[in-house]
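Dear colleague,

I am passing on the structure we spoke about, and my notes on it follow below. Please read them with the model open beside you.

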Amino acid sequence: MATKTGTKQKPAAGLTEIRWHGRGGQGAVTAAKMVAELALGQKKYFQAFPEYGPERSGAPIVAFTRVSNEPIQIYAGIEHPQIVVVLDPSLLSIVDVTKGAPADAIVLVNSEMTPAELRKHYHLEGFHYYTIAATRIAVETIKRAIPNTPMVGALTRITGLFPIDEVVAFLRADFGKKFPPKVVEGNINAITRSYEEVKGE
Amino acid sequence: MATTESEILAVTGNEAVAEAMGQIDPDVVCAYPITPQTEVVQLYAQMVADGKVSSEFVTVESEHSAMSAVIGSAAGGARTMTATSSQGFALMWEVLFIAASYRLPIVMTTVNRALSGPINIHCDHSDTMGGRDTGWIQLYGENHQEAYDNCIMAVRIAESMDIRTPTMHMYDGYVISGAIGPLQMLTKEQVQTFIGPYHATNPMLDTKHPVTVGPFDGLHGWYFEHKVSQNRAMDRALTVIQDVADEYAEISGRQYGLLEEYCLDDAEVAIVVVGSTAGTTRMTVDKLRSQGVKAGMVRVRAFRPFPHAAYAKALEHVKVVGVMDRADSFGAQGGPVFLEVRAALYDSDPRPQILPFIYGLGGRDIFPDNIEQAFAVLQKAAQSKKRTSTERRYLNLRDD
C-alpha cells in the first residue's frame with residue numbers, strides 16, 4: 001500500500017503549502033519558521049517543520065511551511081506544494097524540486113538569472129518561475145552569504161501572504177530581541193530590496 | 001467557564017513542554033544531557049541557569065542513572081521530573097518498574113522515537129509501547145497544545161492520593177517535538193494553583209519518621225499483594241485522569257477525556273489511532289463524510305490504564321474498526337493498540353470486525369492517501385458477507 005504521489009489531494013480552501021529546498025547552512029529551516037511566525041502575526045494558523053536528516057553543512061535539505069485561515073490538523077510532509085522556494089540554484093540539477101507540485105505552482109529560485117535565462121540554463125518547463133539574487137543581496141546588506149531573509153522578502157511580494165510593512169515590523173521586533181541594530185537593519189534592507197527586485201515572467 | 005484568552009505563541013513541541021515544566025517548577029529535575037535526549041532538557045537547563053526556575057538540576061551519566069536519581073529524589077521527598085526519548089527510555093526500563101512499585105509520583109516527558117536497529121532517530125511509538133507494563137500511567141498527546149496540557153495534568157494525576165503512581169506523557173518525535181505550531185499557555189500562577197503544593201508521603205529525608213524504601217520482600221513476603229495494589233491503583237486512575245481533565249478544562253477551556261471520539265455516533269467504519277496522526281485522520285474523516293461515507297475515529301489518550309469499557313461503548317455499534325499502530329509486537333496478532341482494542345470489544349454483541357494496520361515505523365511519513373487506503377479496506381470489509389482476514393496491513397510500505 002505505497003503512496004503514489006499524484007494530485008488527488010486538493011489543499012483545503014485558505015491553506016497555503018510551501019516547500020523549501022536549500023542546503024545545510026543556508027537558513028531554509030529558519031526561513032520556514034519565520035514565515036510561520038509572520039502568519040501568527042496575521043492571526044492565521046501555521047505549521048513549520050524540517051524534514052530531519054543528517055545535519056551537514058552543504059547537504060540538500062527540505063523544510064515545510066503551512067499557513068491557513070483554519071486550524072491545521074494534517075501532520076505529514078507537503079506532497080503538493082503551491083509554492084516551492086529554492087535557496088540554492090545548483091539543487092535544480094540534482095533534486096526534483098517541483099515533484100508533486102500542481103501545474104500553477106510558483107517556484108522562487110535564488111539566482112542572478114531572469115526566469116527566462118534560468119529556464120534555458122536548467123531546461124525547466126511548466127510552473128511559474130520567479131528569481132531573486134538573494135545571495136548577492138545578503139552579502140551586500142547582511143554581509144553574510146545566507147540567502148534566507150531575502151527569499152522571504154521576495155516570497156512576500158509574490159504571494160501577498162503578508163503586507164511588507166508587517167514583515168519589516170516583525171523583523172524589527174523579533175530580530176531586535178536577538179541581534180544588534182546593525183544586523184537588524186541589514187536584514188530589513190535585505191527583505192525590502194528583494195521585495196523590490198524579484199523578477200517574474 | 002473561566003477561560004483565559006492568552007496570546008498564541010509559535011513554538012516547537014519541545015519548547016511547549018519545557019515551558020510547562022518551567023511553570024511547574026519542580027524541586028528536582030534529573031536528566032541525561034546528551035543524545036538520545038531531547039531539546040526539552042537543554043531548554044530546561046537554560047531556565048535553571050538563567051534563574052527562571054528554582055529546580056535543582058542534576059545531570060547524570062546515563063538514562064539508567066537519570067531514572068535512578070529521579071527515584072532517589074522522589075523517595076527523598078521532592079517533586080521530581082525528567083524527560084527522555086527512544087534509546088534513553090529503553091535504558092531506563094528496569095528502573096521504571098522500581099519507580100512504579102515505590103509509588104513515587106514522578107512525571108516524565110517521553111518524546112516518541114524509534115528504537116535501534118537499524119539506527120533511526122525518527123518518530124514511532126516503539127519506545128513507550130515497550131514500557132506499557134512497567135506500572136506507569138501513560139498519556140499520549142496529539143499536538144503542541146496537548147503536550148503542554150498533559151505535562152501539567154500529569155503532575156496532578158501522579159500526585160493524586162487515590163493512586164500515587166508515576167505518570168509519563170508522550171508526543172510524537174519531530175512531527176511535534178521539532179515542528180513549530182501554536183500554543184496557548186496558562187500563567188505560572190494558574191499552573192501553580194492547579195498543581196498545588198507538593199505533599200511527600202513517607203519521605204526518606206524526614207529523619208524523625210525513618211522509613212525504609214525498597215527492601216527485599218521474598219517468598220514469604222507481600223510482593224504479590226504489592227503488585228495487586230498497583231493494579232488496583234491503575235483501575236482508580238481512570239477516574240483520576242478524567243477528574244483532573246475536567247478540572248483543567250475549567251481553567252484552560254480545553255476539555256480532554258480518556259479517549260477522544262470523533263464522528264462515531266452513526267459510524268459504520270472507524271479508525272483508532274495514537275498521537276499526531278489523529279489530526280490527519282480527523283481531516284480524512286471530514287473528507288469521507290463529505291462524500292457520504294459514515295467514517296469515524298477514536299484517538300487514544302490514556303493507554304495505561306486502558307479504558308476498555310469506554311472503547312467497547314464507543315465502538316461496539318461500528319461494523320469494522322481499523323486500529324493503526326505506530327509500533328509492532330513481533331509475533332503477536334497485531335500491534336499493541338490493536339491487541340488492546342480487540343480484547344476490549346470481545347464481550348460486545350454484536351461486535352465489530354477489528355483489523356490491524358501498522359504505519360510510520362522509523363518516521364515513515366503517513367499521508368491522507370494512506371489513511372484513505374485504510375478506510376477503503378474497512379469499507380470493503382463492511383460490505384463483504386465474509387469476515388475479512390486479520391493479517392497486518394502496512395500503510396506506506398515501500399514496494400520497490
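In this model, which is predicted, helix α9(B) passes helix α12(B) in a right-handed crossing. The two helices, which cover residues 277-290 and residues 368-383 of chain B, pack at an angle of about 60°, with their axes 9 Å apart, and α9(B) and α12(B) are therefore oblique to each other. On the α9(B) side the contact is made by B:T280, B:T281, B:M283, B:T284 and B:L288, which meet B:P368, B:I371, B:E372 and B:F375 in α12(B). Sorted by class, the residues of this contact are five nonpolar, three polar and one charged.

Turning to the interface between the chains, 30 residues of chain B are in contact with 21 residues of chain A. The elements of chain B that give two or more residues to this side are β1 (8-12), β8 (180-184), α9, α12 and β15 (393-395), and α9(B) gives the most, with five residues. By class, the side of chain B that touches chain A has 14 nonpolar, ten polar and six charged residues.

As for chain A, it has six helices and six strands, which run from the N terminus in the order β-α-β-β-β-β-α-β-α-α-α-α. Its C-alpha trace spans about 55 × 40 × 35 Å along the principal axes, and its radius of gyration is 16 Å, which agrees with the value near 17 Å that a compact globule of 201 residues would have. Of the 201 residues of chain A, 45% count as buried, and among its contacts between residues at least 6 apart in sequence, 61% join residues at least 24 apart.

With best regards

Methods: Residues are numbered from 1 along each chain as its sequence is written. Chains are lettered from A and ligands numbered from 1 in the order in which they are written. This is a predicted model: local features need pLDDT of at least 70, side-chain atom pairs count only at pLDDT 80 or more; totals for chains, interfaces and linings use all residues. Axes are lines fitted to C-alpha atoms, for helices over the stretch in contact, and angles run from 0 to 180 degrees between N-to-C directions. Helices (H or I, at least four residues) and strands (E, at least two) are DSSP runs, numbered from the N terminus. Angles under 35 degrees count as roughly parallel, over 145 as roughly antiparallel, 65 to 115 as roughly perpendicular and the rest as oblique. A crossing is left-handed if the near helix is turned anticlockwise from the far one by less than a right angle, and right-handed if clockwise. Two residues are in contact if their C-beta atoms, placed from the backbone, lie within 7 Å. Ala, Val, Leu, Ile, Met, Phe, Trp, Tyr, Cys and Pro count as nonpolar, Asp, Glu, Lys and Arg as charged, and the others, Gly among them, as polar. The radius of gyration is taken over C-alpha atoms; the globule rule is 2.2 Å times the number of residues to the power 0.38. A residue is buried if 20 or more other C-beta atoms lie within 10 Å of its own, exposed if 12 or fewer, and partly exposed in between; C-beta atoms are placed from the backbone.
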